[in-house]
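Hi everyone, thanks for making time for this. I'd like to walk you through one structure today, so let me put it up on the screen.

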Amino acid sequence: RVLFRSVGVVFKGKTSVWGYGKTSLKGGKTPEGGTEYEIGSITKLFTKLLFSDMVHRGLIGLGDKAQNFLPADIKLPVKGGKEITLLMLSNHTSGLMHDPETWNLNKGASYSHYSLAQFYDYLSHCQLLSEPGAKYSYSNTGVALLGDLVAQINGTTWEAYLQNRILDPV
């Protein structure tokens, strides 16, 4: 497993960037400010910040059902009569699996090759691991859905909304 990081700090109008590790085991370079990363857990932080901002501005509620924001032909799973709320997606209690079963990790696949249509198809056919709200279970799937919903509710892409609400103001 290759571990590398970039850290950027803006202080008093001056930007500093540091890179650690190597981008690959053989011939890898030290990452820099322009190094592109696979979307990962840092995305969860930004997704939850955008979600929190929307809640605080009264655009959505913690208890709002995720199903209410999806296209009509997409049906999220229900278990024990309980539906998944936005808060459950954010705090990993939705009952959704860690990653979609249809995302093939064994072939070196990345999320960038997994389309929204594939994701929605998976969500329409998957089974929950537990009743929504009953148990903590880390779920990339749940936060990915939350990120998609945050963007859709705002009529934009996740990237554009992040840029507009967080990155540009900073």
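This is a predicted model: local features need pLDDT of at least 70, side-chain atom pairs count only at pLDDT 80 or more; totals for chains, interfaces and linings use all residues.

The chain averages a pLDDT of 89, and 92% of the residues score at least 70. If you go element by element, helix H2, residues 86–90, has the highest mean pLDDT, at 97, while strand E1, residues 4–11, has the lowest, at 87.

In soluble globular proteins, nonpolar side chains tend to be buried together. Here, the largest nonpolar core has 30 residues, and the ones that touch the most other members are Leu 86, Leu 89, Leu 123 and Leu 145. Each of H1, H2, H3, H4 and H5 supplies at least two residues of this core. Which helix gives the most to it? That's H4, with 5 residues.

Leaving out residues up to four places away in sequence, Leu 123 touches Lys 75, Leu 76, Pro 77, Leu 96, Thr 141 and Leu 145.

Now look at helix H5, which runs over residues 158–167. Its buried residues are Trp 158, Tyr 161, Leu 162 and Ile 166. Why are they on the same side of H5? Because they cover an arc of only 100 degrees around the axis. And what covers them includes helix H1, residues 41–56, and helix H4, residues 140–153.

Next, the loops. Two residues have a positive phi although neither is a glycine: Lys 12, at about 50 degrees, and His 92, at about 65 degrees. Lys 12 is in the loop between E1 and E2, and His 92 is in the loop between H2 and helix H3. Buried or exposed? Lys 12 is exposed, with a relative accessible area of 78%. His 92 counts as buried, because its relative accessibility is 6% and the cut-off for buried is under 20%.

Last stop is Thr 35, in the loop between strand E2 and H1. Its side chain reaches the backbone nitrogen of Glu 32 at 2.7 Å. Not counting residues up to four places away in sequence, Thr 35 also touches Phe 4, Ser 6 and Thr 23.

Technical notes
Residues are numbered from 1 along each chain as its sequence is written. Side-chain values use heavy atoms; hydrogens and water are left out. Buried means under 20% relative accessible area, exposed over 50%, partly exposed in between (1.4 Å probe, protein chains only). Helices (H or I, at least four residues) and strands (E, at least two) are DSSP runs, numbered from the N terminus. The arc is that of the directions from the helix axis to the C-beta atoms. Contact means heavy atoms within 4.5 Å. A polar contact is a pair of N or O atoms within 3.5 Å; within protein, one must be able to donate a hydrogen and the other to accept it, and residues adjacent in sequence count only if both atoms are side-chain atoms. pLDDT is the predictor's confidence in each residue, from 0 to 100. A nonpolar core is a set of buried Ala, Val, Leu, Ile, Met, Phe, Trp, Tyr and Cys residues joined through side-chain atoms within 4.5 Å.
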